[in-house]
Amino acid sequence: MAQLDHTHDPKLGSWVASANGHPDFPIQNLPLGIFSSGGGAPRGGVAIGDQILDLSAALAAGLFTGEAARAAEAACGSVLNPFLALGAGSRQALRARLSALLQAGRPDQGRVELCLRPASDCTLHLPAHIGDYTDFYVGIHHATNVGKQFRPDNPLLPNYKYVPIGYHGRASSIRPSGVPVRRPLGQTKPPDASEPGFGPSQRLDYELELGVWIGLGNELGTPIDIGKASDHVGGFCLLNDWSARDIQAWEYQPLGPFLSKNFASTISAWIVTPEALAPFRIAQPGRPGGDPAPLPYLTNEADQREGALDLELEVLLLTPGMRAKRLPPHRLALSNARHMYWTVAQMVTHHTSNGCNLQPGDLLGTGTISGPDQTSCGSILEATLGGKSPINLASGEERRFLQDGDEVILRARGCRDGFAPVGFGECRAMILPAA
Ligand code: CA
């Protein structure tokens, strides 16, 4: 598990003035991503305030040595998979050096300044080649809310409290924040129709999820022990697992979601490292009385003690009517990553418990993370009770599901007394009309 050190000191300031008090990217965060600027090739960078530190330029300027240089070199290309494959030691060495280079009052400022690019002049790309994407279902309030709509008396199926439920998603349609999402066409059958039809989804939804980047992989046939699982996590992002509920309702039995989910997923573009999130580690909340204990292969004392995350998770909506009236985005939900029934380590260990191999740059979704009440629903399906109870907006519009031109914005933020808050940057996309 990532430890606290001098890089987390809340008193640390940066000579990059915009980093000080920045809601997402103060010097205590230092997330990595892939950016391009001025027609140049996509390459690795680090977010600091409203700037991006170009790692290739910094490496060429001789700003890194030893293990930090090895990590910077692995992060210079067009994808961060080689960097993710290095594991925690190299990542920590790079973090320590970046923290030193960007700290106020350090002698390297002049040389480092030449390697900064204004983020507003840059395009962000997917940070890694995603070989495989797996989506879990660990948000217990979401699983209960959705289950209630189908089975009022028995919302959670009996396996839920034993198995970190998941399914294999689609990696090819994952896009970084900012890329619009086209409303999917699909086969649907309204309850009162005798035959299905084909056309644009009428019940398009978002899902508020945390994404988990796999760092170190494992060999096929070699499970990852629960005590080692956090060594295999390379970082975190936000994930919007767009979902067409009408397509889903008709297709999902018996094998689960298919075309209702694989048309698009949107992620925030920066990989927030486990080290940056170390201050926001908390104990896994206790299970309600009567719930079974996890099976031994999913049980680890350290993971139960500090394997959960206290991160505020927010969903905002900006509609065409709101844009026309220059209204700010409407907050649809404020939830928290603590509402996960299983820890990230339990997800990783369960995924590999049959010998399945994870690879650097694989992406795991947690599943929708809703909180316990109507102000913390991670999907519109929950917030509007399946479309029955519309959301009223200040523009005079109402929403039961997403409309064309709507923009959904996810944000995440770690806050804890005695530490600098860090954020993830936006995970944002607009719905385009069906083709
Ligand atoms: Ca999902």
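Colleague: How much area do domain 1 and domain 2 bury between them?

Modeller: Of the area that domain 1 and domain 2 bury between them, 64% is on carbon and sulfur atoms. Buried area here is the accessible area (1.4 Å probe) that two parts lose on being put together, summed over both. This is a predicted model, in which local features need pLDDT of at least 70 and side-chain atom pairs count only at pLDDT 80 or more, while totals for chains, interfaces and linings use all residues. For the two domains, that total is about 2,200 Å².

Colleague: Which residues in domain 1 lose the most area to domain 2?

Modeller: Residues are numbered from 1 along each chain as its sequence is written, and side-chain values use heavy atoms, with hydrogens and water left out. Three residues of domain 1 together account for 28% of what that side buries, and they are His8, Leu84 and Arg91.

Colleague: How many residues of domain 2 are in contact with domain 1?

Modeller: The chain is divided into domain 1 (6–125) and domain 2 (133–432), with bounds that come from an automatic or database domain assignment. The centres of the two domains, taken over C-alpha atoms, are separated by 28 Å. With contact meaning heavy atoms within 4.5 Å, domain 1 contributes 26 residues and domain 2 contributes 29.

Colleague: Which residue forms a salt bridge with arginine 91?

Modeller: A salt bridge is counted when a side-chain nitrogen of Lys or Arg is within 4 Å of a carboxyl oxygen of Asp or Glu, and between domain 1 and domain 2 the count is one. For arginine 91, the closest N and O atoms are 2.8 Å apart, and the partner is glutamate 275.

Colleague: Which element gives the largest share of the side of domain 1 that touches domain 2?

Modeller: Helices (H or I, at least four residues) and strands (E, at least two) are DSSP runs, numbered from the N terminus. Those that give two or more residues to this side of domain 1 are strand S1 (32–37), strand S2 (43–48), helix H3 (81–86), helix H4 (88–102) and strand S5 (122–125). The largest share, four residues, comes from H3.

Colleague: What is the angle between the planes of tyrosine 160 and tyrosine 341?

Modeller: Rings of Phe, Tyr and Trp (its six-membered ring) pair if their centres lie within 6.5 Å, with planes under 30 degrees apart counted as stacked, over 60 as edge-to-face and the rest as tilted; the whole structure has four such pairs. Tyrosine 160 and tyrosine 341 form a tilted pair, 5.8 Å centre to centre. The two residues are 181 residues apart in the chain, tyrosine 160 in the loop between helix H6 (140–150) and strand S7 (166–168) and tyrosine 341 in the loop between strand S20 (330–336) and helix H10 (344–352). The angle between their planes is 45°.

Colleague: Which peptide bond is cis?

Modeller: The proline concerned, proline 254, is found in the loop between H7 and strand S16 (265–267). With omega near 5°, the cis bond is the one from glutamine 253 to proline 254.
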